[in-house]
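Please read them beside the sequence and the coordinates.

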Amino acid sequence: MAGVKMTHIPYKGSPPAVADLVAGSVDLMFSPASTVITQVKSGRLRALAATTATRMPALPEIPTVSEAGLKGYETVTWFGFVAPAKAPPAVVTRLNAEINKVLTLPDVRNQFEIQGIALLGGSPERFAEYIREEIAKWAKVIRLSGAKAD
């Protein structure tokens, strides 16, 4: 979106990437808040912008990329619960209900918020739609960037 050229460094996970960032071996990284929030709050790293649509409750002083000038930019790291495609509908419904209940518990919400993680919950159908939207979004990004798998 911004036409910025960067060199991708393929790390084997966030810990070595964060270590290199703290050490100054790399200039910046895109990271889930949960992997850098401790270093940001301690002052070892400086958060430049949140890639979410709205500011993060755990770091409300950090502007979003959109607020910083790249209007419409949004990307998040997300996690979800999935089951085998042939799982009985009654099992999926029950699991979904129980997971949604757990996600409303204050202690659970608090522990995730501390890490900068927003909890959403919802239906299996809505999650499936979200996955389809993400696939379409990132397929377009890949096409436009000309990225190729090595």
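1. Of the 150 residues, 16% count as buried (buried is under 20% relative accessible area, exposed over 50%, partly exposed in between, with a 1.4 Å probe and protein chains only).

2. The model is predicted: local features need pLDDT of at least 70, side-chain atom pairs count only at pLDDT 80 or more, and totals for chains, interfaces and linings use all residues. Residues are numbered from 1 along each chain as its sequence is written, and side-chain values use heavy atoms, with hydrogens and water left out.

3. The chain has five helices and zero strands, giving the pattern α-α-α-α-α along the sequence. Helices (H or I, at least four residues) and strands (E, at least two) are DSSP runs, numbered from the N terminus. The C-alpha trace spans about 50 × 40 × 30 Å along its principal axes.

4. Among contacts in the chain with a separation of 6 or more, 35% are between residues 24 or more positions apart; a contact means heavy atoms within 4.5 Å.

5. There are 17 positive and 13 negative side chains, and the centres of the two sets lie 4 Å apart. Lys and Arg count as positive, Asp and Glu as negative, while His and the chain ends are not counted. Each charge is placed at NZ of Lys, CZ of Arg, CG of Asp or CD of Glu.

6. The structure holds two aromatic pairs. Rings of Phe, Tyr and Trp (its six-membered ring) pair if their centres lie within 6.5 Å; planes under 30 degrees apart count as stacked, over 60 as edge-to-face and the rest as tilted. Trp78 and Phe127 are edge-to-face, at 5.6 Å centre to centre and 90° between the planes. Trp78 is in the loop between helix 2 (33–42) and helix 3 (89–103), whereas Phe127 is in helix 5 (residues 124–145), 49 residues apart.

7. Why is the pair of Trp78 and Tyr130 edge-to-face? The ring centres are 5.6 Å apart and the planes of Trp78 and Tyr130 stand at 80°, so the pair falls in that class. Because Tyr130 lies in helix 5 and Trp78 in the loop between helix 2 and helix 3, the pair ties together parts that are 52 residues apart in sequence.

8. Trp78, Phe127 and Tyr130 form one aromatic cluster. Trp78 is partly exposed at 33% relative accessibility, and Tyr130 is partly exposed at 23%.
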